[in-house]
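This briefing is meant for someone meeting the structure for the first time. Please look over the sequence and the model below before reading the notes that follow.

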Amino acid sequence: MDEYQQFKEEGKSEIGNMSNDSDFRKLTIDWMNAANSKKYSYHFEWLGRPIIQYPQDMIAMQEIIWSVKPDLIIETGVARGGSLIFYASLLELLETTGVSVGGRIIGIDNDIRAHNRTAIETHPLFRRIDLVEGSSVDATTKDQVSEKVGDAKNLLVILDSFHTHEHVLMELEMYHSFVSHNSYLIVFDTVIEFLSDDMFQDRPWGVGNNPMTALNEFLETNGDFEIDKEIYEKLQISVAPNGYLKCSRN
Ligand SMILES: C[S@@+](CC[C@H](N)C(=O)[O-])C[C@H]1O[C@@H](n2cnc3c(N)ncnc32)[C@H](O)[C@@H]1O
């Protein structure tokens, strides 16, 4: 076993110990409940655009994008565009390091505010981005996305729009077929299931009605996707517990 493999083996065992530590898990959930009430995830930017993510999940996405090397990413939920710019910058790096060419991302949102559209469209990385305005679960939106897929061969899908069970389940059913073999279908905000319901009084989602309940229903009938458990086990602080699904379909 070489030094790198040995390092990874040690890491596996450390991650296993961490994920079996219920006190540590409780500490994390308590911290996330407190952080959520302070709108923690709204305070970061990537290359000048606000990104509504936890930095931990961004690191996980970097690891996934490096290992999958997608030529197309589809993301539902654009907001201020920070995640589009983040993924576009990683696609740019894949190209400058010579591992892939021409990677693109399609961002779907039913409400792309004019100021956000202008900031995204004038960003230097916009050349890698396609915006589709419409509800992610409308057939016409999916048709527009299908047209833009073109001859892309290695696709990754990220769901981060409206977080009710019904909506996310529809997105899962509509977009899972785009995901390539050994690539990922990522469902953000599954953590809602673990947080205090008081947090979501002004939202149509909450405990029992959220991306995690949708994902669990989806997995009952879709054996081509499996939760990559190690990602959440090592992140601990994540908005996507069990939300990183790996595709085994050829
Ligand atoms: C959590 S934010 C997305 C955050 C973004 N991915 C990021 O990391 O910065 C959710 C977005 O989903 C959009 N949204 C809500 N309902 C939608 C729908 N039916 N179809 C598409 N997008 C929707 C909202 O307009 C909002 O911009």
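In this predicted model, the ligand takes up the space that forms the largest pocket. The ligand is surrounded by 17 residues, and the closest are Ile52, Gly77, Asp109, Ser136 and Asp160. The notes below begin with the ligand and then turn to individual residues.

**The ligand and its surroundings**

- The shell of residues around the ligand is made up of five nonpolar, nine polar and three charged residues.
- On the side of the ligand's nitrogen atoms, one nitrogen lies 2.8 Å from an N or O atom in the side chain of Asp160, and a nitrogen atom is also placed 2.9 Å from a polar backbone atom of Ser136.
- An oxygen atom of the ligand, for its part, is found 3.1 Å from a polar backbone atom of Ala79.
- Taken on its own, the ligand has 600 Å² of accessible area, and the protein covers 85% of this.

**Ser136, a residue of the ligand shell**

- Ser136, which is listed among the closest residues to the ligand, has its place in the loop between β5 (129-133) and α6 (139-149).
- Ser136 counts as buried because its relative accessibility is 4%, and the cut-off for that term is a relative accessible area under 20%.
- While a polar backbone atom of Ser136 is the one that lies 2.9 Å from a ligand nitrogen, the side chain of Ser136 makes a polar contact with the side chain of His167 at 3.0 Å and another with the side chain of Glu171 at 2.7 Å.

- Gln53 belongs to the loop that runs between β2 (49-51) and α3 (55-68).
- With a relative accessibility of 4%, Gln53 is therefore classed as buried.
- The side chain of Gln53 makes a polar contact, at 3.0 Å, with the side chain of Asp160, and the side chain of Asp160 also has an N or O atom 2.8 Å from a nitrogen of the ligand.

- Although Ile65 and Leu91 are separated by 26 residues in sequence, their C-alpha atoms are 8.1 Å apart in space.

Conventions. Residues are numbered from 1 along each chain as its sequence is written. This is a predicted model: local features need pLDDT of at least 70, side-chain atom pairs count only at pLDDT 80 or more; totals for chains, interfaces and linings use all residues. Side-chain values use heavy atoms; hydrogens and water are left out. A residue is near a molecule or strand if one of its heavy atoms lies within 4 Å of it. A polar contact is a pair of N or O atoms within 3.5 Å; within protein, one must be able to donate a hydrogen and the other to accept it, and residues adjacent in sequence count only if both atoms are side-chain atoms. Accessible areas come from the Shrake-Rupley method with a 1.4 Å probe; for residues, only the protein chains shown count as cover. On a 1 Å grid over the protein atoms alone, a cavity is a set of points where a 1.4 Å probe fits but cannot get out, and a pocket is an open set with protein on both sides within 12 Å along at least five of seven lines; lining residues have an atom within 4 Å of a point. A molecule sits in a cavity or pocket if more than half of its atoms lie within 2 Å of its grid points. Ala, Val, Leu, Ile, Met, Phe, Trp, Tyr, Cys and Pro count as nonpolar, Asp, Glu, Lys and Arg as charged, and the others, Gly among them, as polar. Helices (H or I, at least four residues) and strands (E, at least two) are DSSP runs, numbered from the N terminus. Buried means under 20% relative accessible area, exposed over 50%, partly exposed in between (1.4 Å probe, protein chains only).
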